[in-house]
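This briefing concerns one protein chain and its fold. Please keep the sequence and the model in view while reading.

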Amino acid sequence: MLNCGRQALFCLFYVLAIESCSGSLDFWPFNINKETAPSVKVIPETDGNFIHIKHFDESSLQVHIDSMNRFLEPYIRTAYKDNIFNCKFTRPPPFNSFCDFNVKDLDRCSPDTDFGFRRESPCLLFTLSEVSNWTPIVLSESDIQNNTNSFSTVPENVNASIIQAERDNSIETYIWFTCEGDTAADKEFIGTVSYYPYNGFPTYYFPFKNVKGHVSPIVAVHFERPMRGVVITIICKAWANNIPLNEEKGLGYAKIHLLMD
């Protein structure tokens, strides 16, 4: 009886050890990514996604700029050159290769412009978390017509892009990405929004296959002239049939609070 109790206790500690180690050791054989869809990442990273831009505080500006430059370091790389592949919609990456992302395609949101932070015209960078072997199911015109997407109304510019692409029989498919003001006031305060290189993530970057040197695609969102002196709440979403909206987990969704002094 005593032996049975010891065996049961040993099994309990063993299970707890698996739970603990599987989250921290990449080589653990039972390491399973519990995410079922990508979450949205915002750069620069701040507490609560509160981004305070102080135009007359150089050190504060530099903190944000340095954060964004650090994030881009793996994209401006010299290592793993043999694994880089110039992907197109007709040319997905071969085995043991990953799609390149050219930082120059960020245009007005590149490091050369200090991401617009010194021009009262800031950019934020967005990417999706890496979920092994996850493949996007893109939105179609029928999805929009049947309202099969569960989390909210798809913005009109995304509707138009999807409908036009299908009518043109385009092979280009995206996880669409949008940023809008949360309330009517936020929509007014946010001003004009532009996206670089596209308002979406090309699907040839997926699935993520854990190739050394791999980088995720980026969407840069340029807030051309947001209102100063007010906190603007911005909702950014990734649009695909198999990316559910979950604010708590950040799945397909990010809420940002932007204040420019």
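Predicted model: local features only at pLDDT ≥ 70, side-chain atom pairs only at ≥ 80, totals over all residues.

Residues are numbered from 1 along each chain as its sequence is written, and side-chain values use heavy atoms, with hydrogens and water left out.

**Overall fold**

- The protein chain has five helices and 11 strands; both are DSSP runs numbered from the N terminus, with helices being H or I of at least four residues and strands E of at least two.
- Of the 261 residues in the protein chain, 43% are buried (buried means under 20% relative accessible area, exposed over 50%, and partly exposed in between, with a 1.4 Å probe and protein chains only).
- Taking contacts between residues at least 6 apart in sequence, 74% join residues at least 24 apart (contact means heavy atoms within 4.5 Å).

**The four-stranded sheet**

- Four strands form an open sheet in the order β1-β5-β9-β7, with antiparallel pairing (two strands pair if DSSP finds at least two bridges between them).
- Because β1 (40–43) and β7 (193–196) stand at the edges with a single partner strand each, one side of each is left without a neighbour in the sheet.
- From one strand to the next, the twist averages 25° (axes are lines fitted to C-alpha atoms, for helices over the stretch in contact, and angles run from 0 to 180 degrees between N-to-C directions).
- β1 and β5 (residues 123–128) run antiparallel and are joined by four bridges; K41 has T127 in β5 as its bridge partner.
- Helix α2 (residues 58–72) packs on this sheet, where it touches β1 and β5, and its direction makes about 35° with that of β5.

**The five-stranded sheet**

- A further open sheet has five strands in the order β2-β11-β10-β6-β8, with mixed pairing.
- Its edge strands, β2 (50–53) and β8 (200–202), each pair on one side only.
- The twist here averages 20° from one strand to the next.
- β2 is joined by four bridges to β11 (residues 253–260), and the two run parallel; I51 stands opposite L258 in β11.

**The cavity**

- The structure holds one cavity of 30 Å³ or more (on a 1 Å grid over the protein atoms alone, a cavity is a set of points where a 1.4 Å probe fits but cannot get out, and lining residues have an atom within 4 Å of a point).
- The largest cavity contains about 70 Å³ of space, a volume being the space filled by probe spheres set on grid points that are joined across faces, edges and corners.
- Its lining includes P38, L128, W134, Y205, F206 and H214.
- The lining residues divide into eight nonpolar, three polar and one charged (Ala, Val, Leu, Ile, Met, Phe, Trp, Tyr, Cys and Pro count as nonpolar, Asp, Glu, Lys and Arg as charged, and the others, Gly among them, as polar).

**Two individual residues**

- S60 lies in helix α2 and counts as buried because its relative accessibility is 15%.
- Residues up to four places away in sequence aside, S60 touches H52 and K54.
- Y80 is found in the loop between α2 and β3 (84–85) and is partly exposed, with a relative accessible area of 43%.
- Beyond its neighbours within four places in sequence, Y80 is in contact with F98, K212 and G213.
- The C-alpha atoms of Y80 and S97 are separated by 9.4 Å, the two residues being 17 residues apart along the chain.

Conventions. 1 Å grid on protein atoms, 1.4 Å probe; cavity = no way out; pocket = protein on both sides within 12 Å on 5 of 7 lines; lining within 4 Å.
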